[in-house]
Amino acid sequence: MVKTSEIDVLKSICREIEAEGRAANDHLTRLSEAFGTRFTKAWEAIKEGRVKKYIFKPSARIVWIVVGKERDYLVMPDVEYCSCLPSFEKMLVLIHKRPYLRDIGSLVEEELKLSKPKKLGHILWAKAKRNLEAISFDPMTFKVKVCPITRVLKRQGDGWILQIKTEDGRLFFVSSDHPVVIVNENGFHAKLARDLEVNKEFIPVIKRLPLNQSNEGSFDLIEECLIRGLSSIRVQNAKMLLYEDGRPAIARRIGVNINTVEHWRRGNAIPLMAYLKLERDITIRENLRLTAGQGSRYEIPAVIRIDKNLARLIGYYLAKGHISKYRVVLSFNATEIDICREVQKLLKECFNVRSQLFPDKKWKTIRVLANSKLLSIFFNDILNLGCDSHTKRLPDFIFSIPKDIISELLDAYFIGDGTAGYNVNKKSVVVRCSTASENLAYGLQYALLKLGINTVILKRRLYELYIQSGNSISSFIEQCGSIVRRRGLTYTKGRSYPLPVSECIPAFVIKSSQDKYVKYQQKRSLSVGVHFLDEKSAFHHLKKGDIHIVKIIDIKRIPYKGALYDVSISNPPMPCFMQGFGVFTHNCDDFYFRFDTGHLCYHIIAQKMAEAIGQFDSFEDDDSFYEVLMREWKAVEIRVSKKYQRKRGLK
């Protein structure tokens, strides 16, 4: 790749030229000393008007072209970098059509292990082996789109990243050279994170997550136990398999003696591995029971249905539960005896597990205790729900099940760990929950987005999620608002409440006083919002679409030691993907593989200088031409690369 010193010199001088508004003799002398004949060729290209800037609509992609003597040179903005995200940044990704909430670092590392990664300078990249898809959006309709991930990338960071916060509390983390999609009166644009301005830049974020539902309806615990190597599990109600043949034949098939077979017949329990050798029809698993070992009193069904009862039980567990020494414990307030009874009933219906109530007069609580090793394994290892308040998370299937089941889980969670009340002016109901688990906070936000409910997120000592006013609180009360009714709060749909950020539109979208709008509504330190009456306006997509626009209110530079990661998505309607708490940032589709020449080419110098001086021709074109241009340019680069390698004897 290009030497870092040359890049730094060029950028430093270009920043000085841009600040002064002209290229002084001192600047030209320093450039000539640093780059020699390359600067001379670059300066000639600028003077002769051979530097062109193309802006493609509506995606706001930018491409520079420097017209050379032999061919045209295409230059991508900041192509010498691979813009990346820290390893812990979350990303909702579809793996083989099933959605998962993953750290981008672990996702990329898995793909690199599955393929043969290639190294380009300091960047490690590979084509995606699995069927991976990311969330993007269409800038014409503001609707969410799912786009395939074509490759993944990894590079070492420089020790620092940026933490960016929006007015509705969303946090996301990027490297300083990562392009962020911004919105202004001219549409969508890409801007480097280090150049963003607080309280001036607006970015698109998601307000609705319309993912398709899957047919996933149950968990086969026999398969799950086999995957995890739980050989001590025993299968009950499979006694008929031991009578399909004589004891000697059964013993030979399993590899045990005859007395052991007779013992299993009398006890009506078969070890898991022995059962799998006898099983011929997988459908009989519907009637089987599993126990944690020989002599265990507690048994649960071999097949667990994903239904409303299971969803409610998971919701209560995430709110009030923990696992201790193979015991599942849920602790409630002493006044919530009705919830304790409901949890006992759910445990019995879903898992055939009996539980006990233990009042604690000192702490004024009631504990629901279920002594079941298999139940704790199911919650902690199979569903990955976590065992305490810091490790809890929503199960992955939550993003692909029907909305009515999601509603039951969220309803139970907010009953157990949520609060509800009126806002300061008592004009609206506000629902709030808090959690120490970052994964649970992300999961709750995306689950609520599946129901069309937006939240305001605050990161203090805990993660706090607020649902307040507008359509969000109306949808919450209709779909999962038992907590509001339990608190005896009244809410009248259609009253004039202060609008939340997700239902406000920044004032810069107003282009003409002839448009029909409702009056402005100022929201404290937030942006000016407005309702639309003119549904024929192009901006009605902000109201009807899946995204909305929020302001950046804070940017912090924080230390980060570790690798940076990114993905590239194929043919997106907008070159971006969703990360973090539902923020859309630019992806690596403009990262193309340049042949290593050991120094900056003159056309890159020409582009940087022309941009700093402001001396170039600018054109606008349609996105369809961008795709054609990219195909042609990559074909040329491959031919030039092969020619250079043959010349240097690299092949």
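## Basis

The model is predicted, with local features needing pLDDT of at least 70 and side-chain atom pairs counting only at pLDDT 80 or more, while totals for chains, interfaces and linings use all residues. Residues are numbered from 1 along each chain as its sequence is written, and side-chain values use heavy atoms, leaving out hydrogens and water.

## Cavities

The structure holds 4 cavities of 30 Å³ or more. A cavity is a set of points, on a 1 Å grid over the protein atoms alone, where a 1.4 Å probe fits but cannot get out. The largest cavity has a volume of about 80 Å³, volume being the space filled by probe spheres set on the points, which are joined across faces, edges and corners.

Lining residues have an atom within 4 Å of a point. There are 13 of them around the largest cavity, and Asn-454, Thr-455, Val-456, Pro-500 and Ser-502 are the closest to its centre. By class, 5 are nonpolar, 6 polar and 2 charged; Ala, Val, Leu, Ile, Met, Phe, Trp, Tyr, Cys and Pro count as nonpolar, Asp, Glu, Lys and Arg as charged, and the others, Gly among them, as polar. Strand E29 (residues 463-468) gives the largest share of this lining, 3 residues. The largest cavity lies between domain 2 (91-207 + 545-586) and domain 4 (308-487), because both give residues to its lining. The domain bounds come from an automatic or database domain assignment.

## The sheet containing E29

Strands (E, at least two residues) and helices (H or I, at least four) are DSSP runs, numbered from the N terminus. Strand E29 belongs to an open sheet of 4 strands with antiparallel pairing, in the order E26-E27-E29-E28; two strands pair if DSSP finds at least two bridges between them. Strand E26 (418-422) and strand E28 (456-459) are the edges, each pairing on one side only. From one strand to the next, the twist averages 20°. E28 and E29 are joined by 4 bridges, and Ile-457 has Leu-465 in E29 as its bridge partner.

Helix H13 (residues 438-450) lies across E27, E28 and E29 and runs at about 20° to E29. Axes are lines fitted to C-alpha atoms, for helices over the stretch in contact, and angles run from 0 to 180 degrees between N-to-C directions.

## A second sheet

Another open, antiparallel sheet has 4 strands in the order E18-E17-E19-E20. Its edges are strand E18 (269-271) and strand E20 (299-301), and its twist averages 35° from one strand to the next. Strand E19 (residues 289-291) is joined to E20 by 3 bridges, with Thr-291 opposite Glu-299 in E20.

Methods
1 Å grid on protein atoms, 1.4 Å probe; cavity = no way out; pocket = protein on both sides within 12 Å on 5 of 7 lines; lining within 4 Å. Contact = heavy atoms within 4.5 Å.
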